[in-house]
Amino acid sequence: MLPPVRCMLFATTMSFALVTGTTHAAEAPGITDKEILIGQTAAQTGPAADLGHDVRLCIEAYFKEINARRGVHGRQLRLLSLDDGYDPERAAANAKQLIEKDKVFALLGNVGTATGLAVLPVMNEAKVPLVGPYSGAESLRGPDSGLIFHIRASYSDEAQAIIKSIANPAGRRLAVLYQNDAFGKSGLADVEHELKRLNVALVAKAPVERNSTDVAAAVDAINKAKADGVIMMSAYKSNAAFVRELRRRDPQSFTQFWAVSFVGGKALANELGPDGRGVAVSQVVPFPWGDVLPVVREHAKAMPADAVSFATLEGYIDAKVLVEGLKRAGKNLTRDGLVQALASAGKLDVGGFAVQFSPTDHKGSRYVDLTMIGRGGFIH
């Protein structure tokens with residue numbers, strides 16, 4: 001038994017430790033001696049399910065690799081992913097549960113714009129960083145988005161690349177199919193902005209509701225305008241329904257179609273089948289079936305061959321960037337430490353694909369590539 005004076009000293013030391021946060025009980029949420037808990041809200045069901053599934057799958061695959069190498073500073077990584085069905089209200093509720101009840105350290109790989117905007121006030125209030133949201137919307141890149149670190153190009157960057165690829169856009173009759181929510185309206189505005197610089201106006205802009213494949217009215221509007229090119233800013237199921245219906249009505253149509261990366265190229269190709277030939281898709285990560293870049297080879301090795309997609313590669317890159325941030329933040333992890341580590345990182349090369357952050361710019365990449373659905377897969 002300790003003498004009375006030493007007992008008092010011991011008790012005083014323990015009280016001081018509890019106040020100053022030097023005990024394990026006072027560590028940052030989601031951090032223990034053995035584990036770092038990361039949260040994700042993304043669709044695992046509904047019209048964006050393939051995207052959410054693929055991003056989650058490759059985050060888990062990379063975490064498994066890191067854990068096999070003794071984790072980060074001796075801690076194992078664990079992803080807790082909740083299904084929001086691509087619904088903003090469910091996404092906000094998931095974020096509250098992940099942060100307040102499950103006590104995750106950070107968020108990673110959330111999917112969607114409207115869902116992202118619903119999560120933003122929740123994460124900001126709790127000061128929880130988010131790495132690699134699957135959205136290119138400018139609304140998630142504003143002054144209240146300082147806790148978000150983007151790893152993909154914006155929809156504005158994609159719109160620029162698509163329009164630049166169109167020979168003589170002034171001589172075309174261009175239209176936009178857009179999802180009637182924050183994502184679709186953001187993409188529509190980006191397309192209109194880029195065309196305005198060229199003094200070109202859209203001949204039609206037709207909405208489709210989120211989580212819907214009812215495209216009859218959109219097809220009517222775009223057919224009536226005699227559009228010969230359609231830029232699609234919607235989820236893959238509605239895009240596929242639109243392409244199929246337009247081609248069904250006019251099998252001889254020479255209308256060209258372009259979709260942005262959010263569609264999930266592989267998901268769109270699978271949904272369209274033979275009707276997908278000739279549909280162009282802009283991408284924000286390198287070609288995942290290539291063998292030149294180290295990160296592409298690493299990703300392919302981590303995945304079953306039939307599971308590889310643009311979205312799985314994006315999830316893999318997201319996870320690599322987060323892990324690099326965790327390493328740089330040091331063993332005594334805090335959320336603010338992670339934010340500072342990423343914001344001061346400068347250029348981060350994760351295997352031939354680089355992102356670059358600064359304290360005033362968290363838009364890590366402007367990389368855009370154009371692909372096309374061919375007979376047996378994507379043409380790069």
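A: The structure holds one cavity of 30 Å³ or more. A cavity here is a set of points on a 1 Å grid over the protein atoms alone, where a 1.4 Å probe fits but cannot get out. Rolling a probe the size of a water molecule over the atoms shows where empty space is left. The largest cavity has a volume of about 40 Å³. Grid points are joined across faces, edges and corners, and the volume is the space filled by probe spheres set on the points.

This is a predicted model, in which local features need pLDDT of at least 70, side-chain atom pairs count only at pLDDT 80 or more, and totals for chains, interfaces and linings use all residues. Residues are numbered from 1 along each chain as its sequence is written, and side-chain values use heavy atoms, with hydrogens and water left out.

Now the lining. Asp-50, Leu-51, Asp-54, Gly-264, Gly-265, Lys-266, Ala-267, Ser-309, Phe-310 and Ala-311 line the largest cavity. Lining residues have an atom within 4 Å of a point. Helix 2 (49-68), helix 9 (265-272) and helix 11 (310-329) each give two or more residues to this lining. Helices (H or I, at least four residues) and strands (E, at least two) are DSSP runs, numbered from the N terminus. By class, the lining has four nonpolar, three polar and three charged residues. Ala, Val, Leu, Ile, Met, Phe, Trp, Tyr, Cys and Pro count as nonpolar, Asp, Glu, Lys and Arg as charged, and the others, Gly among them, as polar.

Follow helix 11 next. The axes of helix 11 and helix 12 (residues 335-343) come within 8 Å and cross at roughly 110°. Axes are lines fitted to C-alpha atoms, for helices over the stretch in contact, and angles run from 0 to 180 degrees between N-to-C directions. Helix 11 brings Val-321, Leu-322, Gly-325, Leu-326, Arg-328 and Ala-329 to the contact, and helix 12 brings Gly-337, Leu-338, Ala-341 and Leu-342. Contact means heavy atoms within 4.5 Å. Seven nonpolar, two polar and one charged residues make up this contact.

Five strands form an open sheet in the order 2-1-3-4-5, with parallel pairing. Two strands pair if DSSP finds at least two bridges between them. Strand 2 (76-83) and strand 5 (148-149) stand at the edges with a single partner strand each, so one side of each is left without a neighbour in the sheet. Strand 3 (residues 106-108) and strand 4 (residues 130-131) pair in the parallel sense over two bridges. There, Leu-108 stands opposite Val-131 in strand 4. Helix 2 packs on this sheet and touches strand 1 (35-42), strand 2 and strand 3. The direction of helix 2 makes about 165° with that of strand 2.

Methods
1 Å grid on protein atoms, 1.4 Å probe; cavity = no way out; pocket = protein on both sides within 12 Å on 5 of 7 lines; lining within 4 Å.
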